[in-house]
Amino acid sequence: MLAAALPAFLASLVEFVEALTIVLAVGTTRGWRSAGLGAAAGVALLAALVAAFGPALGRVPLGALQIVVGIMLLFFGLRWLRKAVLRYAGVIAFHDETGIYERRVAGLRSAAGVATSLDWIGAGTAFNAVVLEGLEVIFIVIAVGATAGALVPAGAGAALAGIIVVVSGFALRTPLARVPENALKFAVGVMLSAFGTFWTSEGFGFTWPGSDAVLALLVAGYAVVSAAALVLAKRARVLPAGARG
Amino acid sequence: MNALRGALAELGGLFVEDRGSALAIAFVLAVVGGLAAMHRIAPQYGGAFLFTGLAGQLLVSVYVAAKRPSTGSG
C-alpha cells in the first residue's frame, strides 16, 4: 500500500504547492474572497468530474488546457512585473495609475447601475490553476494506482498532500498581508510569469530538464531579468522638468 | 451597453495595460507556438526559446516606457 501512497503523495504535493502558489498570489493581490471562491469552484468541478468519469479522466487533453492557462498567466504576470519595475524605477507613481483605472471602471459600472464585488479575473485565475493542477493530481493517482493496482492508497496519499498544502495556505495568509504592495506585485509577477512560461511551453510540447523543478530556475530567471530591467529603466527614464529631484 | 463596456474595460485592463507590450507578448507566443506546431524547434530548447523571447519583451517594454516623458501616473 505504501508503495502506491508515497509516490502519489510526493508527486501530488508538488502539484498542490504549484496550485497554492497561484491561489496565494491571487488572494494577496486580488482579494481572498475571489481566490477562495475560484479555488473552491475548481475543487467542486474536479470532484464532479471524478464522480462522473473516474479513471476515464486520464484521456483529457491536458496540453490544450496548459496553453490556455499558461497564456493567461503570462499576460497577467508580465503586466504586473512591468508595472512593478516601472514603479521601483520611479517612472510611474506608486498608486495613481491604479486609482485612475479603478475610478474609470467604477464610473462605467455606476453609470450602468452594475455592482459587482467579486473579482472574476482573480477567481478565474485561481479556478484555472486548481483545475489544471488538480487534473495533474488525478493523472498521478490513476497512473500510480493503476500500475500498482492500488487506486485507494494512491488517492489517500494525494488527499493527505492536499490537506497539508491547504493548511499551509491558511497559515501563510497573515504573513503575506504584511508585505508592501509593490514588492508583492513584483514577486507575484515573477511567479505568474514563470508558471505561465512553464505551462505554455509544456502545452506546446516542449520538455524541460528536471520537469517541474525547472520552475525554480524560471523564477530566478525572471527575477534576474526584472532586476536588469529596473537598472535599464532607471538609466533611461525621462523626468518632466522640475517634477523630481 | 455601459455594463458591457465596463466589463470589457476591466477585463482588458487586467491583461493588457500597454498595447505595445501585449502585442509583443502575443508575437513571441505566436512565433514560438508556430515553430512548435511546424516541428521547427527542438522540444528540449523550446522552453528556453520562449523564456528568452518573453524576457526580451519585458526588457524592451520597460525601456520604451522609461524613455517616454513621465506623467507621474504611467
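Mentor: B:Val64 has its place in helix H3 of chain B, where helices (runs of H or I, at least four residues) and strands (runs of E, at least two) are taken from DSSP and numbered from the N terminus. The model is a predicted one, in which local features need pLDDT of at least 70 and side-chain atom pairs count only at pLDDT 80 or more, whereas totals for chains, interfaces and linings use all residues. Residues are numbered from 1 along each chain as its sequence is written, chains are lettered from A and ligands numbered from 1 in the order in which they are written, and side-chain values use heavy atoms, with hydrogens and water left out.

With a relative accessibility of 38%, B:Val64 counts as partly exposed, because that class lies between buried (under 20% relative accessible area) and exposed (over 50%), judged with a 1.4 Å probe and protein chains only. B:Val64 belongs to a nonpolar patch on the surface together with A:Leu232, B:Val60 and B:Tyr63, and the four have about 320 Å² of accessible area together. Such a patch joins nonpolar side chains (Val, Leu, Ile, Met, Phe, Trp, Tyr) within 5 Å, or like charges within 9 Å, and takes residues with over 30% relative accessible area and no salt bridge; the areas come from the Shrake-Rupley method with a 1.4 Å probe, and for residues only the protein chains shown count as cover. Helix H3 of chain B, which spans residues 43–67, gives the most to this patch, with three residues.

Chain B as a whole has three helices and zero strands, and along the sequence its pattern reads α-α-α. Of the 74 residues in chain B, 42% are buried, while the chain exposes about 4100 Å², with carbon and sulfur atoms supplying 68% of that area. In the loop between helix H2 (19–37) and H3 of chain B you will find B:His39, a residue other than glycine whose phi has a positive value near 55°. B:His39 is exposed, since its relative accessible area is 71%.

The other chain has a residue of this kind too, for A:Ser211 has a positive phi of about 50° although it is not a glycine. A:Ser211 lies in the loop between helix H7 (181–203) and H8 of chain A, and its relative accessibility of 38% makes it partly exposed. Helix H8 itself, residues 214–236 of chain A, holds A:Ser226, which at 0% relative accessibility counts as buried. Leaving out residues up to four places away in sequence, A:Ser226 touches A:Leu81, A:Val85, A:Phe186, A:Val190 and also B:Leu58, where contact means heavy atoms within 4.5 Å.

Another loop of chain A, the one between H2 and helix H3 (62–88), contains A:Leu57, and A:Arg59 is found in the loop between H2 and H3 of chain A as well. A:Leu57 counts as buried at 4% relative accessibility, whereas A:Arg59, at 71%, counts as exposed. Apart from neighbours within four places in sequence, A:Leu57 is in contact with A:Leu49, A:Val50, A:Ile138 and A:Phe139. From A:Leu57 to A:Leu73 there are 16 residues in sequence and 24 Å in space, C-alpha to C-alpha.

Lastly, consider the charged side chains. Side chains of opposite charge can pair when their charged atoms come close. Over all chains the structure holds one salt bridge, a term that asks for a side-chain nitrogen of Lys or Arg within 4 Å of a carboxyl oxygen of Asp or Glu. The partners in a salt bridge are the side chains of A:Arg30 and A:Asp119, at 2.5 Å from N to O. Because A:Arg30 lies in helix H1 of chain A and A:Asp119 in the loop between helix H4 (96–112) and H5 of chain A, the pair ties together parts that are 89 residues apart in sequence. A:Arg30 is partly exposed, at 23% relative accessibility, while A:Asp119 is buried, with a relative accessible area of 8%.
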